[in-house]
Number of protein chains: 2
Amino acid sequence: MFDEFRKIVEEGFERYLAPSDDCPARLRESIRYSVEAGGKRLRPVMVLLACEACGGDPTDAIPAAVAIEFIHTYSLIHDDLPAMDNDDLRRGRPTNHKQFDEATAILAGDGLLTLAFEIVAREIKPAEVAVACVVDLASAAGIEGMVGGQMADLQGERPEIADAAQAGTDDQSRKIAQLEAIHLRKTGRLLRSALTMGGRIAKADKNTIEMLDHFGKCIGLAFQIADDLLDITGDAAKMGKGVRKDAELGKLTYPGLWGLEESRRRARSLIDEACRSIEPLGDRGLRLEALARFVLERDH
Amino acid sequence: MFDEFRKIVEEGFERYLAPSDDCPARLRESIRYSVEAGGKRLRPVMVLLACEACGGDPTDAIPAAVAIEFIHTYSLIHDDLPAMDNDDLRRGRPTNHKQFDEATAILAGDGLLTLAFEIVAREIKPAEVAVACVVDLASAAGIEGMVGGQMADLQGERPEIADAAQAGTDDQSRKIAQLEAIHLRKTGRLLRSALTMGGRIAKADKNTIEMLDHFGKCIGLAFQIADDLLDITGDAAKMGKGVRKDAELGKLTYPGLWGLEESRRRARSLIDEACRSIEPLGDRGLRLEALARFVLERDH
């Protein structure tokens, strides 16, 4: 699905990761290793689909699509580090620090994050739109977004680094609120920025950008529920990583809180809400809707 | 020296690091710990001085000054990590990962880098200047700049991760070229971006920006030579970190290649070249000149 857009995005990666004398070869190899590891390319495809759904030319949005996938990739490299989630396997291959080394992996992540902002600032036109996209991306990826969410997630697993406010969450509704707060930041914000950037590049008005943002928020949560479900019911070979890891680690998950059936029901209901919210886009929004349904039905 | 500008910049830090419900408390504490550790604030002061020297209002440049110090701080946090330079002490206090923990330190660095771009994109006006500043900062900090330089520096110390091209550098002139290539990227590019951003915010013309860039390149190299000299002749108490560490590690340094006297002579000559290059700025450039001389005379 969306193979054509995925191909456009992957050609974009090539352009921005061409060899240069000023970048050490090993660092570039390490970056390419993780960027080219594949994956669904969900975020960059969303940028292009949102641009198209607002009547823009999706090719104008390629730099933003490349940038968001670079940021997603950097976050995976850093999250996998021994000091963080300590994962050896990602998409069926050794994680970056296993294939290279920890120092290289840290720098590859730092480099990808930095390159993402350079690409958007250099290539998105006009300057007002470039600036708005940098703000979308940075606020989504930063300490009140993805980085903050990863921190809160780690704190949930490690009482020794938890904030005082996180202590003693015994009752179910507080647990759910905390889980949702983590995911809204850790995955939700970046997905939303994919949609708002696509809209901005198509010169969509403020109401449309807000509509896309709400769509992104709903599918972000649905995506996370689907991820938790896949961890329980998924096939390790298709996933390219270990399954049932969350349960083994005693991690807070949606199926753990709600059970399988209720989790599935809520994910479906979020996708329905997402699709309803973009009805004003009419037929142009159909491919975005299809993407939303795919989030739920994917098996990896 | 430049206490007034340093104070303005430090007030800027406060504004951008105010508490928020969306950022975990420990993450913010860890960021503030490193940002508030002090230091010379050389880069942000340069942004303001360059803006002033080009006839601009230095207060317009505060967001860019804050951003560059955040990027400098992130680079120190990540460079100190066990997988990188493995330092326990920075500016007389435990390094970030010693005071907090490795995961928090990695995320604090990631968060600072991201926040830097958000601040510039949000606050610098007009959008064309903001975009140019994001490009300056990102290209200076990225894989062909600071991150690439840090990688090359590590590779110089660890043959097991060196690129094929780095092997067997026995002769003196190749060693010098390699050392210079590392420093031009690791510290030089970011210093240059401080000056070009200041110029851009003052709406300086292309020639003036290039002049500032050359000034920055000269003082960047002089700064590194002075740093190497301080490692040999410096006072550990004033430096707030161990001295003579480079020599113990058998690291390639300028005094190691040229001797003390010749290193001093070259640093002075670079500063002279820097000062000559900004003569066209006239009296408005005097404070930038004073800063250049300070780089050489500092004792920490």
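A: Chain A has 15 helices and 2 strands; helices (H or I, at least four residues) and strands (E, at least two) are DSSP runs, numbered from the N terminus. The structure is a predicted model, in which local features need pLDDT of at least 70 and side-chain atom pairs count only at pLDDT 80 or more, while totals for chains, interfaces and linings use all residues. Residues are numbered from 1 along each chain as its sequence is written, and chains are lettered from A and ligands numbered from 1 in the order in which they are written.

The radius of gyration of chain A, taken over C-alpha atoms, is 19 Å, close to the 19 Å that the globule rule gives for 300 residues, so chain A is as compact as a globular protein of that length. The rule is 2.2 Å times the number of residues to the power 0.38. Of the 300 residues of chain A, 53% count as buried; a residue is buried if 20 or more other C-beta atoms, placed from the backbone, lie within 10 Å of its own, exposed if 12 or fewer, and partly exposed in between.

In chain B, helix 7 packs against helix 9 (residues 172-201) at an angle of about 175°, with the axes 8 Å apart. Axes are lines fitted to C-alpha atoms, for helices over the stretch in contact, and angles run from 0 to 180 degrees between N-to-C directions. The two helices of chain B are therefore roughly antiparallel, a term for angles over 145 degrees. Contact requires C-beta atoms, placed from the backbone, within 7 Å; the residues involved include B:Val129 and B:Leu137 of helix 7 and B:Leu190 and B:Met197 of helix 9. They divide into 9 nonpolar, 2 polar and 4 charged, where Ala, Val, Leu, Ile, Met, Phe, Trp, Tyr, Cys and Pro count as nonpolar, Asp, Glu, Lys and Arg as charged, and the others, Gly among them, as polar.

Between the chains, 48 residues of chain B are in contact with 48 residues of chain A. Helix 7 of chain B is among the elements giving two or more residues to this side of chain B, although helix 6 of chain B gives the most, with 14 residues.

Definitions and conventions. Parallel < 35°, antiparallel > 145°, perpendicular 65-115°, else oblique. Contact = placed C-beta atoms within 7 Å.
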